[in-house]
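Please look over the structure shown here before reading the comments that follow. They are arranged as numbered points for a colleague who is new to this kind of note.

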Amino acid sequence: MGALEDFATMAAKRQGGPGPEDEGRRRALPPRLGVLVARHPYLRRHPHPAVSHFPIVFMLAASFFSVLYLLTGVTSFETTAFHCLGGGLLSTPAAIATGIFTQRLNYPQPDPTLTLEKRLSYLLWAMVSGAFAWRLLDPEVLRHLHGLNFFYLLLVLALTPLVTVISFFGGMLTFPLDKEE
Amino acid sequence: MSGRTLCSPTMPGRTQGSPLQKHKKETSLPEDQKKFTLKELAQLNGAGGRPAFIAYRGRVYDVSDSARWAGGKHMAAHFAGADLTGEFPDAPHGEEVFAGYPQVGVLQTSPELPETQEAEVSGPPPGFLDRLLKRFPLLKRHPHPMVVHFPIVFFVSTPIFTILYLLTGIGSFETTGWHCLGGGVLFTPVALVTGLFTWWLNYELRPLRPVVIKLILTPILLLVGAGAFAWRWLDPEILAQLPYWTGKVYLALLCVLLPLVSLIGWYGASLTFPRHAEK
């Protein structure tokens, strides 16, 4: 049909936009949760975008402060990077949980993009957990950058492209690119 | 009653897809169209087998045949039988979507912007910018939401790490709080500039309440953040003076960042995910 239809269909495919067939699934929410969402409508969509800010920035900041330490030699930057890893470690499960909640509530249709986003988020959490544990057990890991320790740096740096890809998919759900063209 | 028999449908001209070209579209309304009052329009809400009509900038469109308007609802957020002009800025698509639907009349109490008012808000974008945005459509809406992640998280983290230091006595938490403060101060002007760009490009500089509030609070946030950062830079032991008023004022400055940035973030989110759409 018209352009509206095309855009809506694309959005429905990408966003799993709720159609009439999804109403039943929405109603399938546990009663208490349903009441809570009805009373506080912002809980329907806001929690995931709000929470996901944290892992995104913490992961990027961990990479950035690590590089800043290597460039300047200021050790407090390395400690800040470690704290950012901790922030990422704590906030990623919250982002995953709210993401799953948002998906179940608003985009119940199976969507390969959302599945990929979820899998990459699990990988991100595994990586940040590994890096955090490594740094916790060996606080000098970045100060003696040789041999196996080099992989620690790679691990921390790899957080940046990974979280960028995940947030790109998230951004496309909120502001679909095909609607901008 | 069938909406499609009310008058002969006409197809409004396409606006070439770009929301930028809102400025260039025709503003006069056809005179021979059926006129709907808001009350009449409200009856045509797609419920109970009735046609689904929507109004936008004074024009009334029939969306009854659209699967995405089934039951008079679109994306569970917009409802037929109403004037959607005010909701349109929230939509991630441009006006070109209306080209696919028959116009069945005009709204009697037309809220369409007069031509003069429209011309006043903002001019068409310069040619190079138009070309750039066509080549990289990502730049239309994404820069501001991308950038604002940084001041939000950094300014929230600043008081958290500082309080963590006060609770644990671990000095590196205080330093991390200060580094986060620096990050927030660095990224706030970038967020401000991208926000102004987005406002101009997508909202035609209209004085929307959330935008006005953000425009007032963001400079305050920047001022408080930059002041606290400079203070801590000049006096690294400032928090050690917590029993004195100087230390208390510094801590208060850090703590005030949290509600300030939360309010700004809240109003920003209300533009992306409008509350009325959630009800």
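1. Basis of the note. This is a predicted model, in which local features need pLDDT of at least 70 and side-chain atom pairs count only at pLDDT 80 or more, while totals for chains, interfaces and linings use all residues. Residues are numbered from 1 along each chain as its sequence is written, chains are lettered from A and ligands numbered from 1 in the order in which they are written, and side-chain values use heavy atoms, with hydrogens and water left out.

2. Chain A. Chain A holds 7 helices and 0 strands, where helices (H or I, at least four residues) and strands (E, at least two) are DSSP runs numbered from the N terminus. Its elements, read from the N terminus on, run α-α-α-α-α-α-α. Of the 181 residues in chain A, 50% are buried, a word that stands for under 20% relative accessible area, with exposed meaning over 50% and partly exposed in between (1.4 Å probe, protein chains only). The accessible surface of chain A is about 8500 Å², and carbon and sulfur atoms hold 70% of it; such areas come from the Shrake-Rupley method with a 1.4 Å probe, and for residues only the protein chains shown count as cover.

3. Chain B. Chain B has 10 helices and 7 strands, and buried residues make up 51% of its 279 residues. Chain B exposes about 13100 Å², of which 66% is supplied by carbon and sulfur atoms. Among the contacts in chain B with a separation of 6 or more, 76% are between residues 24 or more positions apart, a contact being heavy atoms within 4.5 Å.

4. How do helix α5 of chain A and helix α7 of chain B pack, and at what angle? Helix α5 (residues 75-106) of chain A and helix α7 (residues 171-203) of chain B pack at about 85°, and their axes are 9 Å apart, the axes being lines fitted to C-alpha atoms, for helices over the stretch in contact, with angles from 0 to 180 degrees between N-to-C directions. The angle therefore makes α5(A) roughly perpendicular to α7(B), because 65 to 115 degrees counts as roughly perpendicular, whereas under 35 is roughly parallel, over 145 roughly antiparallel and the rest oblique. On the α5(A) side the contact is made by A:S76, A:F77, A:T79, A:T80 and A:H83, and on the α7(B) side by B:S172, B:F173, B:T175, B:T176 and B:H179.

5. Cysteines. A search of the whole structure finds 0 disulfides over all chains, a disulfide being a pair of cysteine sulfur atoms within 2.5 Å. A:C84 is in no disulfide, and its nearest cysteine sulfur, that of B:C180, is 5.4 Å away. A:C84 counts as buried because its relative accessibility is 0%, and B:C180 counts as buried because its relative accessibility is 0%.

6. Two residues of one helix. B:T246 has its place in helix α9 (residues 245-272) of chain B, and B:V256 lies in helix α9 of chain B. B:T246 is buried, with a relative accessible area of 18%, whereas B:V256 counts as partly exposed at 33% relative accessibility. Leaving aside neighbours within four places in sequence, B:T246 is in contact with B:W231, B:I238 and B:Q241. B:V256 and B:F155 are 101 residues apart in sequence, while their C-alpha atoms are 9.6 Å apart in space.
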